[in-house]
Structure formats: structure tokens, C-alpha cells
Amino acid sequence: MSLSGKALLAGVIGWPIGHSRSPRLHGFWLESYGIDGAYLPLAVAPEKLEVAVRGLQASGFRGLNVTIPHKEAVMALCDRVDERARRIGAVNTMVFENGEIHGSNSDAFGFLENLKAGTGGRDLSTAPALLLGAGGAARAVAVALLDAGLPEVLLCNRSAERAERLAADLGPRVRLVPWAERAEALAGLGLLVNSTSLGMNGQPPLDLPLKRLPAEAVVSDLVYTPLETGLLTAARAKGCVAVDGLGMLLHQARPGFQAWFGKAPAVTPALREFVLKDA
Ligand SMILES: NC(=O)c1ccc[n+]([C@@H]2O[C@H](COP(=O)([O-])OP(=O)(O)OC[C@H]3O[C@@H](n4cnc5c(N)ncnc54)[C@H](OP(=O)(O)O)[C@@H]3O)[C@@H](O)[C@H]2O)c1
């Protein structure tokens, strides 16, 4: 679609940026809704972060998504960072408004919306969850689960110090489980979430027999390459509801698109197909 001189502009900054699916995803919505706007992949080296953000702000951009390695560093450039992003410790969405930068993090929102869509809105607040991983994605999922009212989040990560730091940041509803005890910890769970990179193409598989996991539990994998991970296949074989990671990527994009382009976008099967074609 051709752009007018009044086109609304946004983009994603990262280093490198070539792997990002966000331009394809936002491009699909811009095209579908006939919006006079563009969403660009922007390769920004860490030492150029501030000058690039200020330059885009000064050029009339409506805002940006932020990906690796800038999610923590951009917090210092924001005039306001919302409470959830502060708790997660990272910003992935910036809105430029009235000369100010507002930072937020839509990963927790994306995770919960995907879970809602994948389970038909099942209430998961009555049983504990086990969260595998303690990296950037796990931080967002842990905050999401606490905000959703789960009684307890069991946190299990290969390196204990990283899990201890996350648990200390998030308070008493987070309980640590040693990595070696992950299979035993499955008993009585309502939800199991993999937010490690295990199971991803090119990474080792997640070694976790699901014998003790209740068949009523929901299993969510953040990994979406492949879409059907070994964990999800094993979960389905047990009769568990299995939720893949692609939906989180799609849903987390909604708040930014709405803020920049003024339209609440929908996550549809056609969008999933379109983004998957690039996977
Ligand atoms: N669906 C989505 O929208 C979405 C969003 C964000 C991320 N993700 C996916 O989530 C995964 C994690 O992303 P991230 O940003 O959190 O990465 P990260 O910060 O690098 O964290 C990686 C996590 O994986 C664990 N890990 C890596 N190799 C391991 C191994 N061999 N054995 C045990 N644990 C291992 C790490 O444990 P240690 O701390 O011990 O190293 C850490 O907990 C990636 O696959 C990413 O693609 C998906």
C-alpha cells in the first residue's frame, strides 16, 4: 500500500533485527485494516540506542517495539514506565506522545491472552503453576501468573541463582524448585509453562516425563519454532490442553498497534497462517 505524507509510523528496534516477525505481523494488520501507516524493522546498535530513539521520536514516529538487546536499556530513556514493566524489569513497547516516552511491557498480557484463547477462558487461579526458566520471558510469565491470581508459582531453573533473583524480586507467592526435582513437582499442578529455550529448533529437547502431571492440567510452551514441541505432543497424549507459543507473540503485539495506529487489532487464524509461513 502506498503511504501519504500523513502516514503513521512505528517500528521495532533490535540488534540484529532480521529475525523479527513483528514487521510481518504489523504489516498484515495495516494492510487488512487499510491504514495509512508503516511498521519498520530498525537495526540499532547498542551504542546508538539513545540517538536512534531520540531521532525517531523527533521524526514523528508514534512509537516502537523493543527487542533484544535493548529491553532493559530503553527504560532509562522513558519518561514514564508502567508498573507491570517495572516489575518485569523490561520495556518492549514505547509510545511517543506529547514529547514524552511511555514505556510498557505487553509480554505478560500476550501470555495471558494466549492462554485464555487456548483454554476457552479456563480459570487457572485455583491450583499452582510450575514455571520452567528464569530468563526474560519467564519474568513476564511469572508477573502474568501472579497478576492472574494464582495461589503459588513454582519456579524451576537450571541455574539456581537466576531463579533466586527472580523469586526475590517477585515475593512470597513464588517458591523455588530445584531443577533436578522438576518431574516430581508436576503433581497437583493446574498449569505447566516452559519458558526455557529447550525444545526450540537447534536446542536440546526438554527432558521432563509428564507422568505425575494431572490430565486436567494445561501445558503452555513459549517456544514456537517448532510450533508443535515435544512437550506439547506429550501433553496432548496425556489428554492435557496444550497451548503453543505463537499466540503469545501475536497477542503481545496488540497494545502497541492500537496505541500507534488507533485500531484494536484481532488475532485471527489468517494472521497465524500468515506469520507461520515465515517461520
Ligand atoms: N512465544 C513468545 O511470544 C515468546 C516470547 C519470549 C520468548 N519466547 C521464547 O522463550 C524462550 C526463552 O526466551 P528468553 O528471552 O527468556 O531467553 P533467556 O533470557 O536467554 O533465558 C533462557 C532460559 O532457558 C534456560 N536454558 C537454556 N538452555 C538450557 C539448558 N540446556 N538446560 C536448561 N535450561 C536451559 C535458561 O536457564 P539458565 O538460566 O540456567 O541459563 C533460561 O532460563 C525462547 O525459546 C524464546 O524464543 C517466546
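Colleague: Which residue takes a positive phi in the hairpin of E5 and E6?

Modeller: That residue is Asn98, with a phi near 50°, in a hairpin that has two residues between the strands. Please note that this is a predicted model, in which local features need pLDDT of at least 70, side-chain atom pairs count only at pLDDT 80 or more, and totals for chains, interfaces and linings use all residues. Residues are numbered from 1 along each chain as its sequence is written, and side-chain values use heavy atoms, with hydrogens and water left out. Helices (H or I, at least four residues) and strands (E, at least two) are DSSP runs, numbered from the N terminus.

Colleague: Is Asn98 buried or exposed?

Modeller: Asn98 is exposed, with a relative accessible area of 77%. Buried means under 20% relative accessible area, exposed over 50%, and partly exposed in between, for a 1.4 Å probe and protein chains only.

Colleague: And how many bridges join E5 to E6?

Modeller: Five bridges join these strands, which run antiparallel. Two strands count as paired if DSSP finds at least two bridges between them. Met94 stands opposite Gly103 in E6, and Gly103 is also the bridge partner of Val81. Strand E4 (residues 80-81) pairs with E6 in the parallel sense, over two bridges.

Colleague: Turning to the open sheet, what is the order of its six strands?

Modeller: The order is E9-E8-E7-E10-E11-E12, with parallel pairing. Strand E9 (174-176) and strand E12 (241-243) stand at the edges with a single partner strand each, so one side of each has no neighbour in the sheet. On average, neighbouring strands are turned by 20° against each other, direction ignored. Axes here are lines fitted to C-alpha atoms, for helices over the stretch in contact, and angles run from 0 to 180 degrees between N-to-C directions.

Colleague: How many bridges pair E8 with E9?

Modeller: Three bridges pair strand E8 (residues 153-156) with E9 in the parallel sense, and Leu155 stands opposite Leu176 in E9. Helix H6 (residues 160-170) lies across E8 and E9 and runs at about 155° to E9. H7 also packs on the sheet, touching strand E10 (191-194), E11 and E12, and its direction makes about 165° with that of E11. Contact means heavy atoms within 4.5 Å.

Colleague: Which residues of H2 are buried?

Modeller: In helix H2 (residues 49-58), Leu49, Ala52, Val53, Leu56 and Gln57 are buried. Seen down the axis of H2, they fall within an arc of 130°, so they line one face of the helix; the arc is that of the directions from the helix axis to the C-beta atoms. These buried residues pack against E1, E2, strand E3 (63-66), E5 and E6. The face turned away from them carries the exposed residues Val51 and Ala58. Just after H2, Gly60 takes a positive phi of about 90°.

Colleague: Now the rings: how many aromatic pairs does a search of the whole structure find?

Modeller: The search finds six. Rings of Phe, Tyr and Trp (its six-membered ring) pair if their centres lie within 6.5 Å; planes under 30 degrees apart count as stacked, over 60 as edge-to-face and the rest as tilted. Phe28 and Phe274 form a tilted pair, 5.1 Å centre to centre with 40° between the planes. Phe28 is in helix H1 and Phe274 in helix H10 (residues 269-276), 246 residues apart.

Colleague: Which residues form the aromatic cluster?

Modeller: Trp29, Tyr33, Tyr39, Phe257, Trp260 and Phe261 form one cluster. Tyr33 also has the charged end of Lys263 over its ring, 4.9 Å from the centre. The criterion is NZ of Lys or CZ of Arg within 6 Å of the ring centre and within 35 degrees of the ring normal. The charged end of Arg182 likewise sits over the ring of Trp179, 4.3 Å from its centre.
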